[in-house]
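Keep the picture open as you read.

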Amino acid sequence: MIVRDHLPLRRIWPKVSRRLGALLVFDITIAWLYSFAGMTWLSLPALPLSMIGGALSVFLAFRNNSAYDRWWEARSLWGALVNTARTFSRQVLTLVDEDPIDAKVTRRSLVELQIAYVHALRCHLRRQNPFPEFERSLPLDVVQYLRQQKNIPAGILFLKGQLLRKLYDAGRLDSFRLTTIDKSLTDLCNVQGACERIKNTPLPRQYDYLPRVLIGIYCVLLPFGLVEGMKMLTPIASTLVSFIFIALDTVGRDVEDPFENTVHDTPMSTLTRNIEINLRQNLGEDVVPAEVRPVEGFSY
Amino acid sequence: MFAPRPLDVLYLTNFSDYCFRTIPTVAQLADMVKIRLTILHVYNPALDTQTTAAEKVHSFFPEADRYLACNRLAVPGPLVESVLAHLEGWPVDLIVAPASDAVGFPRLGARSSRSRLIERSGVPVWTFGRGVSLPRLQQPVRNVACWLDFHSGKTAHVGYALEYANKLGAKLHLLSALPAIDEGMLSLGTSLDEGKPLEPNAAAAKILGLCGNAPVVPQVHVSRWSGRSTLSKMLTECDADVVFLQHRESAVAEWLGLGLPYDRLPCPAICTGDKVNGPVWNLEPGQATRQKPAVVRPRREHSVPATVRVG
């Protein structure tokens, strides 16, 4: 996620440079043929092109809005996840009765599992292997159990549910408190499901493909509409207009998949680290991991 | 027999998109074999201070702090010289060097840093470019390819490929292409150079000879050379997740700043230069590999013959 106050051109330019370069050469050719080779028939009336440009703008705006909605929903879901993780940790540490022998261990295990859960969800959404991260934080039998699971975050939620049930059976939780804590697990599960929906359902391909094709056609036709009035200035005007359309298309495509391991992602690494710091402080640990700061204006 | 040891990995980052995309691959590797990871950022002292550079490198790939061994460093540039100086004090087994962000302009005469690293470091370099799809970087390594080029005569990378495929439990594909046969060659009836086979079975036999008694049974693919896309096609056919190859770059492509030829391959490449400093890896299996039941592979004399596919 970009957190600096401006978008550096060097991030956009490489993605549009080839198309713009080709269009510039094409525009110069058309302007030269019209101005110096006497091919005046190359000119097209500007009115239809203006109408096409207007329609294309609406199409692009609609598609970019849809892409932004996905990106924002992903960010909101992770905001909800941060809150629910903190709530769950608070509930476990304050609502479960003390027991001189076991309860402290079980409560700590539940919070450790919550930390593992957010890391596992980040990895799950980025299709990243989470197990090297678990080697130091989870017991071997838990890691072995999780290796058998297709959906690792869901497996961790199940383990947490089992631990809560044990506490209930041991009389350290009454049914009211169990229901309250279990609701937090359900909230976590709902957030995960919504994230998976965004991850597994792409923006309809028509929204992705048609604007790209139509922009290509429009940018090719544009110099024909401008050349009569602008002569050899056509390449400058045409390339500038093309840049706007191509950049809009690129921006939309950048944000439409918010869990794809790019710098436009939801900043899950930063958020999971924040959750871990909060939860470890809840556990009373003095040494907590360092905060993750934006790198080169990008929070990842 | 030396005991297996962790793979010392030097992960270079300049925070490009490619650096971020590499993270899942390093995570997979850390699960398959034991690694000691060093994340190194070489900064420009004219633009950055040591403090900000260190802060940046600590915020890159933060989850690696939870790995068994991870070290982070920020050192002032220039890149290649700084990396070489680092390697003198801290030798590594593998350099992970993703591409930088494209600048969008041709950079005439600007030589790739990765190319210079491969040539001068004496360490295999893992890299990839725009030809690799994201899912390829995220999935575990199941197919390891190794490209054999009879023209260069260099085979140091074969040992790495054998060890890598063996310890990761992946299938090994040995790839090579024969020169296109023209009338001149047919009239001679034999190769001008005894070291370069012209016939598929001879090539396959020569390739298998390089493997010795290796514990992996390779699959040999020999094809006719049909231009620069030959390797890409073969890699796609065998669904390779990584390819080991000997570094070669044409002088013209180098001057034109076209980027490394591996940047257009469909999978990441691990490249070795003319000289290789360290011994062949002896990888210590990671958690994921340790859990798999041990596969007893027959010795070569008793094994089924390696599959040879001639395309």
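In what order do the elements of chain A run from the N terminus on? They run α-α-α-α-α-α-α-α-α-α.

Before going on, a word on what you are looking at. This is a predicted model, in which local features need pLDDT of at least 70 and side-chain atom pairs count only at pLDDT 80 or more, while totals for chains, interfaces and linings use all residues. Residues are numbered from 1 along each chain as its sequence is written, and chains are lettered from A and ligands numbered from 1 in the order in which they are written.

Now look at the outline of chain A. Its C-alpha trace spans about 95 × 35 × 30 Å along the principal axes. The radius of gyration of chain A is 27 Å, whereas a compact globule of 300 residues would have one near 19 Å; this radius is taken over C-alpha atoms, and the globule rule is 2.2 Å times the number of residues to the power 0.38. In chain A, 34% of the 300 residues count as buried. A residue is buried if 20 or more other C-beta atoms, placed from the backbone, lie within 10 Å of its own.

Two strands pair if DSSP finds at least two bridges between them. Strand β5 (residues 125-127) of chain B runs antiparallel to β10(B), joined by 3 bridges, while strand β9 (residues 242-246) of chain B runs parallel to β10(B), joined by 4 bridges. B:C271 stands opposite B:V125 and is also the bridge partner of B:L245.

Finally, look inside. The largest nonpolar core has 91 residues, and B:I95 and B:V144 are among those with the most contacts inside it. Such a core is a set of buried Ala, Val, Leu, Ile, Met, Phe, Trp, Tyr and Cys residues joined through C-beta atoms within 7 Å. A second, separate core has 42 residues, including A:L81 and A:Y117.

Terms used:
Buried ≥ 20, exposed ≤ 12 C-beta atoms within 10 Å, placed from the backbone. Helix = DSSP H or I, 4+ residues; strand = E, 2+ residues; numbered from the N terminus.
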